[in-house]
Amino acid sequence: MMCRPVLSFLILVIFLSTFISCEIRETIFKPECKGDCAVVVGHIFTGDGNEPVKNVTLKVRWYDYVVGNFIKSKILAITKTDDSGSYLLKFKAENEGHYEVIIENNEDYFKLPDKDFHQFSLPQLNNDSILVIDYVMPYNTKLIIEFEEFENVENYYLLSILFPLGVNFEHASGYSLSWSSSKSEFMHKIDVAAEVPIFLVKTTVINDSTYIYDYDTISVPRHETQKYNLEFDQ
C-alpha cells in the first residue's frame, strides 16, 4: 500500500523535470505576442543570394552585458522560415539593452568559425517598430590551399581569404594564414561559402616599409572541394 504515494511522487518529479527542461529550451511554452509588438520580417537566402533557405529556425534574443560579459539574456520569439525562405518574428520590445536575431545552422550551410549560428543585431526597438531584413547564409564547401613547401623563408607571407554573407551581403567572414618559418605547412583545408566570390589577398612582407600585394578572386561550387595553388612573389 506504500507504493502508490511513492509512485505518484516519482511521476510528479518527472513532470516537473520535463517542464523545467522545456523552460530552459524556451521552445514549447513560448507565447505569441499579442497586441502591440515589434516585428522583424524578411527572407533567408543561400547560394548567391537568390535561393530560399527553408525550415530554418530563427530566434529573437534580448541581452544585456557589462564589459563584454552577459548578465541577462532571454529568448523573446521563435519561428521557422517557410518554403520561400520568409520569416516573421513578433515580440515585446520593452527592455533597454540589445536585440539580435539568431539563425540556427546545420551542416549544409557555412558555419561561422567561432560559433554554431548566424546572427544579426537589431536597433533599439519599440512595440510599434517594423523592420525588414534579409540575410544571406551561403552553402558550405571546402577550399584546399596548396603550395610548395618553403625550404628557406626569407620574407613574411600572409594570405587573407574573405567572402560575403550576412545582411544583404554587407557582412563578411574569412581567414588569415601566414608563413614565417623555414618548414611551413604546405596544405590547408578550410570551410568557405559556396557560389559567392572569394577574395584572396596575397601579401609578401619584405621589411617594415616594403609590402608586395597580389589579388585573386574565385568561386567554389556547392558540394565540391576545390584546390587553389598558391604562389607568392619572391
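Three strands form an open sheet in the order E13-E10-E16, with mixed pairing; strands (E, at least two residues) are DSSP runs numbered from the N terminus, and two of them pair if DSSP finds at least two bridges between them. The model is predicted: local features need pLDDT of at least 70 and side-chain atom pairs count only at pLDDT 80 or more, whereas totals for chains, interfaces and linings use all residues. Residues are numbered from 1 along each chain as its sequence is written, and side-chain values use heavy atoms, with hydrogens and water left out.

**The open sheet**

- Strand E13 (187-193) and strand E16 (225-229) are the edge strands, each pairing on one side only.
- From one strand to the next, the twist averages 30°, with axes taken as lines fitted to C-alpha atoms and angles running from 0 to 180 degrees between N-to-C directions.
- Strand E10 (residues 140-146) runs parallel to E16 and is joined to it by 5 bridges.
- Ile 145 has Tyr 228 in E16 as its bridge partner.

**The nonpolar core**

- The largest nonpolar core comprises 51 residues, and Phe 91 and Leu 122 have the most contacts inside it; such a core is a set of buried Ala, Val, Leu, Ile, Met, Phe, Trp, Tyr and Cys residues joined through side-chain atoms within 4.5 Å.
- Strand E11 (residues 156-167) supplies the largest share of this core, 6 residues.
- Leaving aside neighbours within four places in sequence, Leu 122 is in contact (heavy atoms within 4.5 Å) with residues including Val 40, Phe 91, Tyr 99 and Ile 133.
- In soluble globular proteins, nonpolar side chains tend to be buried together.

- Thr 203 lies in strand E14 (residues 198-207) and counts as buried because its relative accessibility is 5%; buried means under 20% relative accessible area, exposed over 50%, and partly exposed in between (1.4 Å probe, protein chains only).
- Beyond four places in sequence, the contacts of Thr 203 include Tyr 156, Leu 158, Tyr 211, Tyr 213 and Phe 232.
- Thr 57 belongs to strand E3 (residues 57-66) and, at 11% relative accessibility, also counts as buried.
- Not counting residues up to four places away in sequence, Thr 57 touches Ile 78, Thr 79, Lys 80, Ile 102, Ile 103 and Glu 104.

**Aromatic residues**

- One aromatic cluster is formed by Tyr 211, Tyr 213 and Tyr 215.

Definitions and conventions
Helices (H or I, at least four residues) and strands (E, at least two) are DSSP runs, numbered from the N terminus. Rings of Phe, Tyr and Trp (its six-membered ring) pair if their centres lie within 6.5 Å; planes under 30 degrees apart count as stacked, over 60 as edge-to-face and the rest as tilted.
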